[in-house]
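This briefing concerns nonpolar packing, aromatic pairs and charges over rings in one protein model. Please consult the sequence and structure shown here alongside the text.

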Amino acid sequence: MNARTLFLSPRVTATGHALADAARGRAMHVEVLREWRVPEEWRAAEGATLYAGPLFADAVAAELGLGLLEAAPDWLARLPCELTHREIEFSTVAEARQLRRPAFVKPPNDKSFPASVYPDGSRLPGPDAVDDGTPVLVSDIVTFAVEYRLFLLDGEVRTGSRYLTRGELDVGPLDEDPREAEVLDFAGRLASQHLPSAVVVDVGLLSEGSEGSEWAVVEANAAWASGHYACDPVAALDVVLRAARPEGEFGSADRVFLRPLPEVVRD
């Protein structure tokens, strides 16, 4: 583990700083990439790992020799209704533009346009801004009373944090939250739901009136791009190290969850 190097994007976030401190505590190297390319001396660095947003990761991961785990883009739509408590469809943005009802629409694994409630499909970005074939998740609108972020490793919650209450930022460690046992119990139901070995899942308690007060999955996120809120950064780093590592280290069970990366084009 000591040979690993944690690479960060030029814009280091609070989570980036926290993970960097955790990495240095393990005698790991930490390097900030100042440009959207990898200097020659760091290409295919032995034991590399990465914390960055999806666009930056796409630009540098292949040059670092990394594979990046993420949930399948249609994972949320394939979950049984008792885990989501809403209808969710995996579609394309072109099809979503035909919607004539309000819906929550988001790209599954990137930020090609804002995830939001759209009054109808005409309010989505046009083809000049987002390609017609861009995959999207189209969801019924529900309201969460409280939401939690969970860093999962091999189906086990390694660390968690509350992050929203009634739509407002409300950050606190899961192990100090009165609903910890309920959150962990619900998270245990996700172990058989075809997730990568290292991933972040957000879950929440639905407000009264949204199919009653039930626990539901909000979404899945890539560990290498997720904010940690009040999660333990040392435990979160364990998940990031598994989710972003040299491509050759992934076994067959995880290879199906590797993010497709652009081909490396070098001068």
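The points below are grouped by topic.

The model is predicted: local features need pLDDT of at least 70, side-chain atom pairs count only at pLDDT 80 or more, and totals for chains, interfaces and linings use all residues. Residues are numbered from 1 along each chain as its sequence is written, and side-chain values use heavy atoms, without hydrogens and water.

**Nonpolar cores**
- A nonpolar core is a set of buried Ala, Val, Leu, Ile, Met, Phe, Trp, Tyr and Cys residues joined through side-chain atoms within 4.5 Å; buried means under 20% relative accessible area, exposed over 50% and partly exposed in between, with a 1.4 Å probe and protein chains only.
- The largest core comprises 43 residues, and L6, L50 and L64 have the most contacts inside it.
- A second, separate core has 25 residues, including L152 and L174.

**Aromatic pairs**
- There are five aromatic pairs in the structure (Phe, Tyr and six-membered Trp rings with centres within 6.5 Å; planes under 30 degrees apart are stacked, over 60 edge-to-face, the rest tilted).
- W36 and F56 form an edge-to-face pair, with ring centres 5.1 Å apart and planes at 85 degrees.
- W36 is exposed at 53% relative accessible area, whereas F56 is buried at 4%.
- Y163 and Y229 are stacked, at 5.0 Å centre to centre and 10 degrees between the planes.
- Y163 is buried at 6% relative accessibility, and Y229 is partly exposed at 33%.

**Charges over rings**
- The charged end of R149 sits over the ring of Y163, 5.7 Å from its centre (NZ of Lys or CZ of Arg within 6 Å of the ring centre and within 35 degrees of the ring normal).
- The charged end of R245 lies over the ring of F250, at 4.3 Å from its centre.
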